Each structure stands twice: as structure tokens, then as C-alpha cells.
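Please work through the exercises below with the sequence and the coordinates at hand. Each task is followed by a stepwise solution.

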Amino acid sequence: MSESFSSVAGSRWDSTIAATVLLVDTEERSPHTTTLATLADRVCAANTFAQAKSTLLEVRPDVLVTQVRLGEFNGIHLALWGRAKLPH
């Protein structure tokens with residue numbers, strides 16, 4: 001039997017994590033933003049690959065959550081690009 005995310009978060013971890021999260025989602029009002037906001041100290045959002053690259057450099061997030069498809073690029077391209085630009 002699988003647990004819901006809220007029951008896992010409530011029973012095993014603190015209610016928040018000390019992290020800045022960058023959420024990259026082509027939907028302008030992603031429902032994931034609200035969920036992440038309850039778990040992270042700071043959630044930044046981007047809607048395009050170009051916005052995400054700029055935000056990665058500016059914000060230097062601890063965690064990257066991205067859609068797989070981002071126009072002509074994808075989330076893996078973004079993760080690799082970010083890793084090359086911000087190796088630590």
C-alpha cells in the first residue's frame with residue numbers, strides 16, 4: 001500500500017526542508033508550486049528553458065524540479081547545463 005505524499009511528509013520529515021527549489025513548468029500556475037512551497041524555504045518558478053537558465057544563475061537553487069519537455073530543449077539539457085555552470 002502506498003502512502004500519500006502528505007502522510008509521508010508529516011510522519012517522516014519535518015514540515016519544511018532548508019532549501020531553495022527552482023520549479024520549471026510550462027504551466028504558468030503549476031499546482032506543484034503550492035506543494036513545494038509547503039516543503040521548501042523558497043520556491044522560484046520559470047516557464048521556459050531560457051527563463052530557467054537565467055534563474056539558475058541568479059538564484060543558485062539547492063534543488064531543481066523540471067518538466068521533461070521544455071520546447072526544443074528538455075529538463076535533462078537544463079540539468080546538464082546547470083551542472084556545468086554551477087558545479088558546486
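This is a predicted model: local features need pLDDT of at least 70, side-chain atom pairs count only at pLDDT 80 or more; totals for chains, interfaces and linings use all residues.

Residues are numbered from 1 along each chain as its sequence is written, and side-chain values use heavy atoms, with hydrogens and water left out.

**Exercise 1. Confidence**

Task: Determine which element has the lowest mean pLDDT and which the highest.

Solution. 
Step 1. pLDDT is the predictor's confidence in each residue, from 0 to 100. Its average over the protein chain is 79, and 80% of the residues score at least 70.
Step 2. Helices (H or I, at least four residues) and strands (E, at least two) are DSSP runs, numbered from the N terminus.

**Exercise 2. Overall architecture**

Task: State how many helices and strands the protein chain has, and in what pattern they follow along the sequence.

Solution. 
Step 1. The protein chain holds 4 helices and 5 strands.
Step 2. Their pattern along the sequence is α-β-α-β-α-β-β-β-α.
Step 3. Of contacts between residues at least 6 apart in sequence, 51% join residues at least 24 apart.
Step 4. Of the 88 residues, 30% are buried, where buried means under 20% relative accessible area, exposed over 50%, and partly exposed in between (1.4 Å probe, protein chains only).
Step 5. The accessible surface is about 6300 Å², and carbon and sulfur atoms account for 53% of this area. The areas come from the Shrake-Rupley method with a 1.4 Å probe, and for residues only the protein chains shown count as cover.

**Exercise 3. Residues around Pro 61**

Task: Is Pro 61 buried or exposed, and which residues does Pro 61 touch beyond four places in sequence?

Solution. 
Step 1. Pro 61 lies in the loop between H3 and S3. Pro 61 counts as buried because its relative accessible area is 16%.
Step 2. Beyond four places in sequence, Pro 61 touches Thr 20, Val 21, Leu 22 and Leu 56.
Step 3. Thr 20 belongs to strand S1 and is buried, with 15% relative accessibility. Leaving aside neighbours within four places in sequence, Thr 20 is in contact with Arg 42, Cys 44, Val 59, Pro 61, Asp 62 and Val 63.
Step 4. Thr 55, in helix H3, is buried at 15% relative accessibility. Not counting residues up to four places away, Thr 55 touches Leu 22, Cys 44, Ala 46 and Arg 60.
Step 5. Arg 60 is found in the loop between H3 and S3 and is exposed, at 52% relative accessibility. Although not a glycine, Arg 60 has a positive phi of about 55 degrees. Most residues other than glycine have a negative phi.

**Exercise 4. Cavity and pocket**

Task: Find how much space lies in the largest cavity and in the largest pocket, and which residues line the cavity.

Solution. 
Step 1. On a 1 Å grid over the protein atoms alone, a cavity is a set of points where a 1.4 Å probe fits but cannot get out; a pocket is an open set with protein on both sides within 12 Å along at least five of seven lines; lining residues have an atom within 4 Å of a point. Grid points are joined across faces, edges and corners, and a volume is the space filled by probe spheres set on the points.
Step 2. The count is 1 cavity of 30 Å³ or more, and the largest cavity holds about 40 Å³.
Step 3. Its lining consists of Leu 23, Asp 25, Glu 27, Glu 28, Ser 30, Thr 33, Ala 45, Ala 46 and Asn 47.
Step 4. The largest pocket holds about 250 Å³. Of its 13 lining residues, Leu 56, Pro 61, Gly 82, Arg 83 and Leu 86 lie nearest its centre. Strand S3 (63-66) and helix H4 (75-85) are the elements that give two or more residues to this lining, and H4 gives the most, with 4 residues.

Key
Contact means heavy atoms within 4.5 Å.
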